[in-house]
Each structure stands twice: as C-alpha cells, then as structure tokens.
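Shall we read a structure together, one feature at a time? Take a look at it here before we start.

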Amino acid sequence: MKNGQFSEYKIFTGNSHPQLAEEISSVMGKPLGKSEVKKFSDGEIAVNLYETVRGVDCYIIQSTNDPVNDNLMEILIMIDAMKRASAGRINAVIPYYGYARQDRKAKARDPITAKLVADILVAAGADRVLTMDLHAAQIQGYFNIPVDHLLGMPVLIDYWKDKNIEDLVVVSPDHGSVTRARNLAQPLNCPIAIVDKRRPEPNKSEIMNIIGDIEGKNCIIVDDMIDTAGTICNAGQALIDLGAKSVSACATHAVLSGPALERLEASPFDEVVFLNTIPIPEEKRLNKFKILSVAPLFAEAMLRIHNNDSVSKLFV
C-alpha cells in the first residue's frame, strides 16, 4: 500500500469480451495482464496467471453473456486464482451482469438467481464489483461488498443529441422502463410515451395500448437490453400502426438470443443503437445496427476506483 492506496494496478480479461478489455486497457494506457483461460478436454476451465499479482489492485473484465455459465465460471476461477496469489484487491468488472432478470420471486418456488450469482462472486473472493445498467438497480443490495453501478445513458444521450431529431418522443416499452425513458427524454427536451403490454409467458409479450401522443412523431424506444426482441419489435410496429412518423430503438445490452436478428431485420426500426457491453460478431451486425463504445466510461471509473476518487461524479 502507498498513501492508503495500491501503488500498482493490473487489468485482466477472460474470454467473454477481449475486444472491450483491449479497448479499456488502451484508453487507460496499460497493457492487459498476461493470463490464459482455456479448457481441459473434459470441458473444465483452466486459468493461468503469467505475472505476479501480490499486493496489486486487480481488475478482471468479464461480461456474463452467452455462454453465460462458462463466462461466469471463468471470472469465478480467475478471482480464486488471484485471491490465492495474494492480490491486494480484486475488482470484478462485469459490463453485462447475467441472471439479472431473475431478481425476485414472481411466482411460487422461483429462484432469485441475481442474488445467488452475487453470493457466488463474493464467496469466490471479489472485493468490489463494477457493472453497467443492471436490470433492476436494487441488485446492488444483493452484494455485501461495494458495487459501482455505471449508467450507459450519458453515451446514448450524446448520440441522440448529435442527431438533433425534430418532433421527437422517447418511448418506454413497458412500465418498468419509464424512469429510463424519462432520463433520456429530459436532456433531449422531448415528451415520453409508454407502451402498455402484458407478458403471457417468458420471452413473449402482447401490446395492449400506447399511453401518450405519438402520431406524426419520430419515436425512440429505450430499454436496458434487447434479448429475443419480441417486446421492442411489437412496440415499434404498434407505434407505426398508430401513426408514428418513424421509430428507432436503443438499449445498453445486445443479448440478441433466439429469433432476435430476424425480428429486428423485419422490424420498422430505422436504427437500433447498442452499447458494446456484449460482443456482437460481424455476422450478427445488421445494417441498421449502430454500436457505441463504453470503454472510456469504464476506463475512467476504474482509474477513479484505483485512485480512491468519486465514481458518482461521472454522472453529475
């Protein structure tokens, strides 16, 4: 320790999103730590750290996207390896926190896997978590260690501000995203609308009504993630059917599972904007996709954590 701080920090990554890790380390002006994460022939994960971490402030960049369980095990085993190598502090940098949608008991005998994953990360030896746009903000309370919750909204606000769209309305795809829609609409100085939907079963939704004036307007639907894209595509089509001039969509996390790509390709969206918390391979990138980088935001937050500076000031 030096003046109450760690004198050195190192950045490592698993296999979930090495491109983002490289980008973050480049912004920070620090090469990635030498490590290897591979599999034994039976599928077990093997981790090798090829440099010392004793007394070092370590950052492991790893989203828990598909394959979710492999990526989760990778970060757990990396944390364990660093703990046993006497790392000074272990920071789990998880741009996309998987299992976050199972954050409460919606019906009898439901698991709360968002809490389970939090417990496992703490048990493995993580000292701090840095993540972005959790599905529900209260998941921060599932951890008994500090959690820094970054917001992707500033990146999206800057993008839409630069486009200077007239007759704009920001649309929430459901009641749960109203706050997110208002946070985007306020700096863009435009009204919001809300899609009233019901969900008869997981990954399926039905549009019931649109609350707000969208006729003749250019609409932007905002959500925390797009998974199978059923909700957001249904909402986009409903807006067009009810007289919207155009529709675009934006979300932090591009989960894009199942029929998502086919739905988005056939959707009426002029543009779909994502942040790069989850890698989108070239073969999955539709012409209407726009991908914005969160590397500068994570790099700044990591430097602030290392230097014991305020992270919340990034959003003031």
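This is a predicted model: local features need pLDDT of at least 70, side-chain atom pairs count only at pLDDT 80 or more; totals for chains, interfaces and linings use all residues.

The dialogue below turns to salt bridges and then to a pocket.

Q: How many salt bridges does the structure hold?
A: Side chains of opposite charge can pair when their charged atoms come close. Here there are 16 salt bridges (a side-chain nitrogen of Lys or Arg within 4 Å of a carboxyl oxygen of Asp or Glu). One of them joins Arg180 and Asp223, at 3.9 Å from N to O. Arg180 belongs to helix H5 and Asp223 to strand E11, so this pair ties together parts 43 residues apart in sequence (helices, H or I, of at least four residues and strands, E, of at least two are DSSP runs numbered from the N terminus).

Q: Are Arg180 and Asp223 buried or exposed?
A: Arg180 is buried at 18% relative accessibility, and Asp223 is buried at 11% (buried is under 20% relative accessible area, exposed over 50%, partly exposed in between, with a 1.4 Å probe and protein chains only).

Q: How does Asp167 compare?
A: Asp167 meets Lys245 in a salt bridge of 3.6 Å, N to O. Asp167 is partly exposed at 39%, whereas Lys245 is exposed at 51%.

Q: Which helix gives the largest share of the lining of the second largest pocket?
A: Helix H1 does, with three residues.

Notes: Residues are numbered from 1 along each chain as its sequence is written. Side-chain values use heavy atoms; hydrogens and water are left out.
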